[in-house]
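Here's a quick look at a single protein chain, written for someone who likes numbers. Take a glance at the model first, then read on.

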Amino acid sequence: MTKLREKLGSGSSALARQVVYRTNDAIEVDDLEWVDIRRRRVYYDDVLLVTYHEETGIGIRVVLWQLLGALCAFIGVLFAINKSIGGAVAFFAITALLALPLVLLLILKTRVITVYGRRSKARIQIPFRRERARTIYEEICERVRTV
C-alpha cells in the first residue's frame with residue numbers, strides 16, 4: 001500500500017507557520033517555528049471529536065496593513081487641510097486599497113476544521129473555499145467512522 005500524504009491546509013501566526021496533511025492512518029501537523037520543525041499526529045483511531053466552524057481570519061498581517069492604511073489616511077487628511085486635492089485623493093485611494101483585504105476577510109470567512117485526539121489536536125484553516133472545507137470535514141468524519 002502506498003503512503004498517501006495530501007496537504008489539507010495551512011495557517012500562520014506572528015511567530016509560526018502550520019501545515020496540515022492527511023495520511024493513511026492520521027492527520028499530521030507540521031509546526032514550523034523559525035528553525036525548528038515539530039511534527040505531531042492525530043491518529044484516526046484516537047479521534048474523540050471533529051468540529052467545523054467559520055471565523056473571521058483577521059491576523060497580524062491584516063492588522064499591520066490597516067495601520068499602514070491609517071497612516072495613509074492621516075497623510076491624506078494633511079493634504080486636504082493644505083488644500084492639495086491631488087495628494088489627498090491619491091492617499092485616500094491608497095487607504096481604500098489597503099482596507100480591501102479587511103473587508104474581504106469580514107465577508108468571506110475562514111472555515112476551520114478541528115480534529116481532537118486523546119493527546120493532540122489538529123486545526124485546519126481553509127479560507128474562502130466553503131465546498132472544499134465541507135468535503136474535507138466529511139472525508140475525515142467518514143475515515144474516523146471506518147477506523
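What follows goes from the overall chain to one group of strands and then to the cysteines.

## Overall build

This is a predicted model. The protein chain has 3 helices and 7 strands, and starting at the N terminus the order reads β-β-β-β-β-α-α-β-β-α.

As for dimensions, the radius of gyration is 21 Å, while a compact globule of 147 residues would sit near 15 Å. Along the principal axes, the C-alpha atoms take up a box of roughly 70 × 35 × 25 Å.

## Surface and contacts

Some 31% of the 147 residues count as buried. The accessible surface is about 9500 Å², and carbon and sulfur atoms hold 62% of that.

Looking at contacts with a separation of 6 or more, 46% come from residues 24 or more positions apart.

## Around strand β2

On one side of the pairing list is β1 (residues 5-12), which runs antiparallel to β2 and is joined to it by 7 bridges. E6 has R22 of β2 as its bridge partner.

β2 also pairs with β3 (residues 26-33), again antiparallel, over 6 bridges. Here V20 stands opposite V29 of β3, and the hairpin that links β2 to β3 uses 2 residues.

## Cysteines

How many disulfides does the count come to? The answer is 0.

Note on methods. Residues numbered from 1 in each chain as written. Predicted model: local features only at pLDDT ≥ 70, side-chain atom pairs only at ≥ 80, totals over all residues. Heavy atoms only, no water. Pairing = 2+ DSSP bridges. Helix = DSSP H or I, 4+ residues; strand = E, 2+ residues; numbered from the N terminus. Disulfide = S-S within 2.5 Å. Rg over C-alpha atoms; globule rule 2.2 N^0.38 Å. Buried < 20%, exposed > 50% of the residue type's maximum accessible area, 1.4 Å probe, protein only. Contact = heavy atoms within 4.5 Å. Areas by Shrake-Rupley, 256 points an atom, 1.4 Å probe, with all protein chains shown as cover.
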